[in-house]
Amino acid sequence: MMKLNTTVVLATAVVTVLALAGCSSPNSAAPAPEKTGVAFEHIHELDVNHADGSLLVATHEGLYRLAVSSAGKASATGPIGGLDFDPMGLSIAGDTAYASGHPGPTTPDTFGTPNLGLITSTDAGATWTNVSLTGKTDFHGLTVMTGNGAADRVFGMDSSKQQIQRSMDGGRTWSDGATLVARDILAVGDSLYATTQKGLVVSTDNATTFTVDATAPALYLVAADPAGTLAGIDTSGNVWARGAKGTWTKGGTVTGTPQAFTVDGNRLYVADDRGISVTDDVGATWTVLSAHS
């Protein structure tokens, strides 16, 4: 594994599911200045920006960008755009980032309050546009099926409901899907996965029905990359990975309670009790990422 030359550890705290108030939308008031070397209080989501290979970190204080060079140096910048909104849900589909959550202390009023509804960005989080449910809904999980010429299909976990919410028109209008209590949701192709107490469940009818995937471990978090690599962390902290057409392989373990997780080919990132860590061997060895300005 790489060894990082660092000065400031990206510290995180174990996340409990919080019903936080507040959220905003784009284009208003003076934004907060960008900061570097920040210690993150809560991390809600990790996602790879495949346009530049950077890691997007959705935190209680805003969205941050973490770049890890081939020489092993990591640098954190943010909050991106100077925006301190709290992105409880984040998903990237092609060139578009989808988010939801609450406004922060200096978030422009145009974002909406107390909840953001659904917002989108096409410039990696520098600016955002209100799409729907402004002020009404806080999605604690978001995932997107890319349109391939049609509108994106967006799926969310509304913090006030125990039903999957779904939009067939890029997030403009919504309907109720199946009744489901899930920790994490993930779209892969035309399939929607969810981690539940019954195990990993899958829907192939736009969240109308779900069935248990008997071949999968009992995952707590699940992630995939554009090439079809599927990975997850089970309820005991074990890391698992599966190729696009392969079987699940058990790897190493995380430390404590995982908060967020993402995959980029052979590389897996997790936010757990250590901070943000990376592995290239399915968790057999880990490097805890630190950053300098």
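Reader: Which residue stands opposite Asp-264 in β24?

Author: Asp-264 stands opposite Arg-267 in that strand. Please keep in mind throughout that this is a predicted model.

Reader: How many bridges join β23 to β24, and in which direction do the strands run?

Author: There are five bridges between β23 and β24, and the two strands run antiparallel. Strand β24 covers residues 267–272.

Reader: What is the order of strands in the sheet they belong to?

Author: The order is β23-β24-β25-β26, an open sheet of four strands with antiparallel pairing. Its edges are formed by β23 (260–264) and β26 (287–288), each of which pairs on one side only.

Reader: Where do the side chains point in a regular strand?

Author: As a general rule, side chains in a regular strand alternate between the two faces of the sheet.

Reader: Now to the sheet that contains β7. What is its strand order?

Author: This open sheet has four strands in the order β7-β8-β9-β10, and the pairing is antiparallel. The edge strands are β7 (86–93) and β10 (129–132), each pairing on one side only. Neighbouring strands in this sheet are turned against each other by 30° on average, with direction ignored.

Reader: How many bridges join β9 to β10?

Author: Three bridges join them, and the strands run antiparallel; β9 covers residues 118–121. Within this pair, Leu-118 is placed opposite Ser-132 of β10.

Reader: And what links β21 to β22?

Author: A hairpin of six residues joins β21 to β22. Strand β21 (residues 238–242) pairs with strand β22 (residues 249–253) in the antiparallel sense, over three bridges. One example is Trp-240, whose bridge partner in β22 is Lys-250.

Reader: Let us turn to the backbone. Is the peptide bond from Gly-78 to Pro-79 cis or trans?

Author: That bond is cis, with omega near 0°. Pro-79 is located in the loop between β6 (74–78) and β7. The bond from Thr-113 to Pro-114 is likewise cis, and its omega is near 5°. Pro-114 belongs to the loop between β8 (96–102) and β9.

Reader: Is phi of Asn-206 positive or negative?

Author: Phi of Asn-206 is positive, near 60°, in a residue other than glycine. Asn-206 lies in the loop between β17 (199–203) and β18 (211–212).

Reader: Finally, what is the mean pLDDT of the chain?

Author: The mean is 85, and 84% of the residues reach 70 or more.

Reader: Where does pLDDT stay under 50?

Author: It stays under 50 over residues 1–38. For that stretch, the model has 135 contacts beyond four places in sequence.

Note on methods
Residues are numbered from 1 along each chain as its sequence is written. This is a predicted model: local features need pLDDT of at least 70, side-chain atom pairs count only at pLDDT 80 or more; totals for chains, interfaces and linings use all residues. Side-chain values use heavy atoms; hydrogens and water are left out. Two strands pair if DSSP finds at least two bridges between them. Axes are lines fitted to C-alpha atoms, for helices over the stretch in contact, and angles run from 0 to 180 degrees between N-to-C directions. pLDDT is the predictor's confidence in each residue, from 0 to 100. Contact means heavy atoms within 4.5 Å.
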